[in-house]
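Dear colleague,

Please find below a structure that I am passing on to you. I would be grateful if you could look it over before reading the notes that accompany it.

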Amino acid sequence: MSTDRFDVLALGETMLSLVAEDGSLASATSFQATHGGAESNTCVTLARAGLRVAWISRLGADAAGDRIRDALAREGVDIRWVVTDPSRPTGAMFRDRTGGLAYLRGGSAASALDARDLDSVPVEDARAVLVTGITAMLGPGPQRAAIALLERATGLRMVDPNLRPGLLGSDRAADLIRPLVRRCDILIGGEHELSVIAPGTDPKAIARACAALGPTEVVVKRGANGLAALGPGGAWFEQPAVPVVEQDPVGAGDACNAAYLAARLDGVAIEDALKAGAVAGAATAGVLGDTGIAP
C-alpha cells in the first residue's frame, strides 16, 4: 500500500472567520476569531474521527493564512499541498449567528487554484475525495481543479453544492456545479440547493432528478425535518432530526457530510450513515464556531 494513501482528500477555500458573539454584525462588540471553509471543516471532523485526511488549497503569505495552517495542522489535517501565494491574500468573512454574513474574498489566494495544484497529489490512491460547489463558483481555475479532482479519483467521490450567494458565479450556480455532480458518486446537500441543481416537487423527486445526472446516492439535508437519502436502485430512507439547542448552525452541514462519508467508507448501511450524520450535525450546531466540538 502506498505510504501516501489517504482516507479523504478535500479541495477548497478556507477563510479567517470572525463570528459575532453578542448580536448582529451591525451591533456586536465581541467577536470570536476562527476559520471557516466547507471542505476543511469536513476534514477536521474526519480527522477527529481518526481518518487520514489532507486539505488542498492556497493561502496568502499573511497572518490569517498562518493561523489557518496552524489550526488545521493541530487538528491532524495534512496540509502539505497547501500553496502559499505571495501576491494574493487569505480570504476573510464576518458573520453572526442569525444569518448576517459579509465576505472579503475577491482576488483571494484560493481564487487562483487550478488543476496544476493537484499535480503532485496522489488523488488516485485516496479512498474518497470531497469538493463543494463553492469551489466551482470561485472562478474558472478553481472549477477546473474541482473537476480534475473528481476525474482522477478512483475512490468515493462526494460533492456538496453548498450554494453561497455573492460569489463570482452565483448567478449561474447550477451550470457551474452540474459538471461536478455528473462526476460524483455521493451528492449531499440542502433541499433548496439540490432543487437549484435539479428541480422537483418534493424531496424524493428532487433526489431522483439529481440522480439522473449521475450520482448513485443523493442525500437531502432538510433542517428541522432531518435527513433523507435516495440509494442505489431507488431505495428511499429518512432520518428524523436530532434535537439540539442551536447556538450556531454554520458548520453543522459539514460535520454531517463528514460523518456520513466516514460511515459509508466503513461499509455502514445508508440508513445508519444518515443517523451518524444527524448526530454530528446536531453536535456542531450546539456550539459556537464552524467546527465546534463535532465528534
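The notes below describe what was found in this structure.

The model is predicted, so that local features need pLDDT of at least 70 and side-chain atom pairs count only at pLDDT 80 or more, while totals for chains, interfaces and linings use all residues. Residues are numbered from 1 along each chain as its sequence is written, and side-chain values use heavy atoms, with hydrogens and water left out.

Overall make-up. The chain holds 9 helices and 13 strands (DSSP runs numbered from the N terminus, with H or I over at least four residues for helices and E over at least two for strands). Of its 295 residues, 55% are buried (buried is under 20% relative accessible area, exposed over 50% and partly exposed in between, with a 1.4 Å probe and protein chains only). Among the contacts with a separation of 6 or more, 71% join residues 24 or more positions apart (contact means heavy atoms within 4.5 Å).

The sheet. An open sheet is formed by 9 strands in the order β5-β4-β1-β8-β9-β10-β11-β12-β13, with mixed pairing (two strands pair if DSSP finds at least two bridges between them). Its edge strands, β5 (82–85) and β13 (236–239), each pair on one side only. From one strand to the next, the twist averages 15° (axes are lines fitted to C-alpha atoms, for helices over the stretch in contact, and angles run from 0 to 180 degrees between N-to-C directions). Strands of a sheet pair through backbone hydrogen bonds, either parallel or antiparallel.

Strands β1 (residues 8–11) and β8 (residues 128–132) are parallel and share 4 bridges; L11 has V131 of β8 as its bridge partner. V131 also stands opposite V159 in β9, and β8 and β9 pair in the parallel sense over 5 bridges. The parallel pairing of β9 with β10 has 2 bridges, and M158 stands opposite I186 in β10.

Helix α4 (residues 140–152) packs on it and touches β1, β8 and β9 (156–160), with its direction at about 155° to that of β8. Helix α8 (residues 252–265) lies across β1, β8, β9, β10 (186–190), β11 (217–221) and β12 (227–230), and runs at about 165° to β9.

Cysteines. The count of disulfides is 0 (a disulfide is a pair of cysteine sulfur atoms within 2.5 Å). The sulfur of C210 is too far for a bond, because the closest cysteine sulfur, in C184, is 9.1 Å away. C210 is buried, at a relative accessible area of 0%, and C43 is buried at 1% relative accessibility.

A loop residue. A28 lies in the loop between β2 (15–20) and β3, and is buried at 14% relative accessibility. Leaving aside neighbours within four places in sequence, A28 is in contact with A20, D22 and G23. A28 and D96 are 68 residues apart in sequence, with 8.5 Å between their C-alpha atoms.

With kind regards
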